Amino acid sequence: MSSSKTVRKLQVESPVPADIVIANSVAPLHIDDIAKDLNLSPTHYDLYGKYKAKVLLSVLDELEGSKDGYYVVVGGITPTPLGEGKSTTTVGLCQALGAFLDKKVVTCLRQPSQGPTFGIKGGAAGGGYSQVIPMDEFNLHLTGDIHAITAANNLLAAAIDTRIFHESTQSDKALFNRLCPPNKEGKRSFSDIMFRRLKKLNIAKTKPEDLTPEEVTKFARLDIDPDSITWRRVMDVNDRFLRKISIGQGPDEKGMVRETGFDISVASEIMAVLALTTSLADMRERLGKMVVGNSKAGDPVTADDLGVGGALTVLMKDAINPTLMQTLEGTPVLVHAGPFANIAHGNSSIVADKIALKLVGPGGFVVTEAGFGADIGAEKFMNIKCRYSGLTPQCAVIVATIRALKMHGGGPQVVAGRPLDHAYLNENVSLVEAGCVNLARHIANTKAYGVNVVVAVNKFATDTEAEMNAVKSAALAAGAYDAVICSHHAHGGKGAVDLGIAVQKACENVTKPLNFLYPLDVGIKDKIEAIAKSYGASGVEYSEQAEKQIEMYSRQGFSNLPICMAKTQYSFSHDAAAKGAPSGFKLPIRDVRASIGAGFIYPLVGTMSTMPGLPTRPCFYDIDLDTATGKVIGLS
């Protein structure tokens, strides 16, 4: 790709300017040029302005017989609250592969939520000289996928409460007659989606008038237990005051008040469905199968039972197409889906990865990022995403920083917004060496899947050669294929060339098949315990509520689904303060929930917030528009 006109040589400055300053200093290429480099014709994508395009799924059909490129996942060690630069490393590695090593490459990233962009964390386009551009468009509305998810999620929420309302005020016969109204000739008929419910109820009749009174009741009355409803409304804003609300306060709702709350949009199950779907038909089935609660008899109630699965698919029909963008050095990026990494699996979409692997072809590279540390994001990438996609990665990159390793070695607490302790700014090789137990466990766990592991040490200005050498030695001793020092934040792709070479060699020399951590046909508890063991736990403790939910999901026929552990990202254990590589602890499971449409059971280890709040001084204080140029300023 180095001969391609899309490759752009960066003029780097030192010290490194703010991310938005760098992003605004580089004029993006027209997205047609990026598409052309991937051999995409204008019929393969829909333009969204000059710098974004939606790649159509028809590309997969056309390239069905083509061979895939190499598949690389980027994870990390257990992070500090400041993050260790996984997104930046993912982008920097791809800039190195494409702009310096002459490889066909596509970066596959999650779409960030606007909540953190305006809250504490800021954006997620990478950083320094390893970024996706236009950075402001990447971090804000992009092509509207999250807005589509918000609309679909809230349509389903409205359908749930409305159905309970109408069932409470009507007889079975009146309800049935309204669900199947007569046409102008006086004839009643079932709509197409109603046949899904009839099949579920084992009613093999095609005409409404043929149903018995008992069948009319079974069909028309969902009898949803309000206390069992798990579906909440969403919005893509951090708003702590919506975490717990009551609805139905208006006089027309006839006293049907219910306590519920809002989640942030990326926590919606519909986001997880988008990330794990493999086709439009598959997405339709998954959306319809989403369970929103139970009937009073204990049977699961789905979106299709409510008659809304088809409408949800219509709202999501454009969102299923990944968005094509570019890095600072003109290499292609597919941005698609952004599920939570705790209650969901924290990875970008299967369809984006599949399209990318066909586009780069044999000898090319697709690099995707898994959220949080490798104990969470990479584990879910392997056991959930790769199961549903059927894809096999050849290499896993584990990103480490001297800062995080010092913390794991017993260094002082790292707090976002506070200056780092002097221990993190001065050489302390023994502290680094002590912290490498964390890195070693991540390497061992990830190697067990059959991939080659390359450690990327994300270099900071205060890191010393002795400290970095200590990490390289520890990584190789723990079984890493290679360990490389990287400076892509300061130098772009040039700073990750050694990493690119190591990743290429690792991909070319993989010898083992993909090995999952657990089989699907064992019980829910067996799968939970296999994951807990990888954390270093000696066993698992289940609350009474967790036991009850496991029994219910097993009875309802969902025990064959993979497990998506909702756990703190700041420790292998449930205790965020337990750094390094804790072992011998009992992992407490507080509750167990399910995303049936997405296709996983998620046990809750502790309390998970699904609606962040805003700090005293949110990021929005710095964000504005330069009205003379129209450029966004202050995004981080």
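When its neighbours within four places in sequence are set aside, Thr610 is in contact (heavy atoms within 4.5 Å) with Asp263, Ile264, Ala267, Phe340 and Ile343. The structure is a predicted model, in which local features need pLDDT of at least 70, side-chain atom pairs count only at pLDDT 80 or more, and totals for chains, interfaces and linings use all residues. Residues are numbered from 1 along each chain as its sequence is written, and side-chain values use heavy atoms, with hydrogens and water left out.

Thr610 is found in the loop between strand S22 (600–604) and strand S23 (624–626), where helices (H or I, at least four residues) and strands (E, at least two) are DSSP runs numbered from the N terminus. Because its relative accessible area is 16%, Thr610 counts as buried, a class defined as under 20% relative accessible area, with exposed being over 50% and partly exposed in between (1.4 Å probe, protein chains only). The side chains of Thr610 and Asp263 are joined by a polar contact of 2.6 Å; such a contact is a pair of N or O atoms within 3.5 Å, of which, within protein, one must be able to donate a hydrogen and the other to accept it, while residues adjacent in sequence count only if both atoms are side-chain atoms.

The buried residues of H20 are Val497, Leu499, Gly500, Ala502, Val503, Gln504, Ala506 and Cys507. The elements that cover these buried residues include strand S3 (70–76), helix H4 (86–100), strand S15 (365–369), strand S16 (395–400), strand S17 (452–458) and strand S18 (482–486).

Turning to the backbone, the peptide bond from Ser14 to Pro15 is cis, with omega near -5°, and Pro15 lies in the segment before helix H1 (19–25). Ile133 and Pro134 are likewise joined by a cis peptide bond, with omega about -5°, and Pro134 is placed in the loop between strand S6 (130–133) and helix H6 (135–139).

Positive phi values occur at Asn39, a residue other than glycine, with phi near 65°, and at Leu142, also a residue other than glycine, with phi near 50°. Asn39, in the loop between helix H2 (31–37) and strand S1 (45–47), counts as exposed because its relative accessibility is 63%. Leu142, in the loop between H6 and helix H7 (145–169), counts as buried because its relative accessibility is 8%.
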